[in-house]
Amino acid sequence: AIEDLESDVRIAASGDNPMGMWLVGFSRRWSEELAWPEDANKGGGGSGPRVSRLIWTVDGVEAARLEGDEARATGAERFEFQSHFAEPGSHRIQATVHVLRPPRRDSSGRTYPASLKVLTSPELEVNVDNAVAEWMLDNARDPSRNLMGAGLPVASASSERGNSGAANAIDGHQARSWIARGDDPTPTLTLTLQEPQEANVILVGHARGNPVEPGRWARALEVDVHVNGERYRLRMHSDERRKGVLVLPRPTRVRELRLVVPFAAPGQGGEASTGFAEVELQLRRDLKPKREGRR
């Protein structure tokens with residue numbers, strides 16, 4: 001991908017992960033206005049502005065700061081940089097260039113010393129396919145850390161839609177979900193552990209449609225999680241593939257979980273039915289306690 005030829009600064013990017021990016025050049029206006037007359041006589045790449053530094057930003061965050069040489073024209077220097085992406089999908093790349101403006105004289109004869117001019121490229125949108133986000137790796141690790149099955153849980157719900165019963169939320173399969181009826185005012189799932197388990201992390205996954213129907217079911221925006229009667233508020237992620245993560249203040253011997261959905265965003269076609277794919281328990285020492293969390 002290459003930026004618009006009329007841009008003050010033109011950049012290009014290629015590859016997937018890592019993705020290479022580089023400076024292509026400047027607009028004709030700034031190439032002429034910022035060129036130093038003495039550089040034109042040097043030949044052999046002595047053309048173009050003198051770049052003091054170039055700053056690459058990726059998705060609005062500074063990714064690299066590359067120093068130039070104010071003593072000579074940029075010439076063939078392209079300030080290449082490679083970025084590694086943790087998330088697949090669309091990303092934004094931009095370059096901010098600090099250029100040394102040559103001394104100049106205006107029509108009245110007044111002179112101005114050399115000074116810095118800052119030029120910024122438009123954002124270049126790129127797409128990354130070959131990336132595995134940390135949350136994807138966590139999802140893959142979660143089954144081996146799930147303590148729910150060892151607790152011999154019994155599930156019940158305020159309502160169930162068709163064959164999507166409460167037990168689906170504790171069967172160890174993300175592809176099957178508990179789904180409440182669309183007219184249920186406060187969808188509630190209750191899990192009673194016959195063998196209480198010590199845990200400090202509760203994971204809650206959105207109800208999932210099949211792969212050809214992403215976003216079919218309404219998504220819980222928040223969940224009230226009652227742990228042995230004590231209430232916590234869990235903010236869920238807007239991406240149905242990502243789980244809500246509640247880290248308790250301390251390891252707790254969990255006997256009962258009651259999950260209530262007070263708010264949900266409609267699914268495709270205004271679908272009101274919501275629920276959970278899986279509710280999991282973990283005992284982890286690497287996560288800091290907090291009242292709500294998303295990953």
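Which strand is Arg50 found in? Select Arg50 and you land in strand S3. Before clicking further, note that this is a predicted model, where local features need pLDDT of at least 70, side-chain atom pairs count only at pLDDT 80 or more, and totals for chains, interfaces and linings use all residues. Numbering runs from 1 along each chain as its sequence is written, and side-chain values use heavy atoms, with hydrogens and water left out.

**Stop 1: Arg50**

Stay on Arg50 and switch to a surface view. Arg50 is buried, because its relative accessible area is 7%; buried means under 20% relative accessible area, exposed over 50%, and partly exposed in between (1.4 Å probe, protein chains only). Now show the side chain of Asp39: it makes a polar contact of 3.0 Å with the side chain of Arg50.

**Stop 2**

Next, pick Glu33, in helix H1 (residues 28-33). Helices (H or I, at least four residues) and strands (E, at least two) are DSSP runs, numbered from the N terminus. Is Glu33 buried or partly exposed? Glu33 counts as partly exposed, because its relative accessibility is 35%.

Leave aside the neighbours of Glu33 within four places in sequence, and you find Glu33 in contact with Arg101 and Pro102; contact means heavy atoms within 4.5 Å. Glu33 and Arg101 are 68 residues apart in sequence, with their C-alpha atoms 8.1 Å apart in space.

**Stop 3**

Hop to Pro18, in the loop between strand S1 (9-15) and strand S2 (19-26). Look at the peptide bond from Asn17 to Pro18: it is cis, with omega near 15°.

Move on to Asp59, in the loop between strand S3 (50-58) and strand S4 (61-67). Its phi is near 55°, a positive value in a residue other than glycine. Asp59 counts as partly exposed, because its relative accessibility is 30%.

Finish this stop at Leu152, in the loop between helix H3 (134-145) and strand S11 (153-157). Leu152 is not a glycine either, yet has a positive phi of about 50°. At 45% relative accessibility, Leu152 counts as partly exposed.

**Stop 4: zoom out**

Colour the protein chain by secondary structure and you get three helices and 17 strands. The radius of gyration is 28 Å, well over the 19 Å that the globule rule gives for 295 residues, so the chain is more spread out than a compact globule. (That radius is taken over C-alpha atoms, and the rule is 2.2 Å times the number of residues to the power 0.38.) Along the principal axes, the C-alpha atoms fill a box of roughly 85 × 40 × 35 Å.

How much of the chain is buried? Buried residues make up 44% of the 295. As for contacts between residues at least 6 apart in sequence, 71% join residues at least 24 apart.

How values were computed: Polar contact = N/O pair within 3.5 Å; in protein donor to acceptor, adjacent residues only side chain to side chain.
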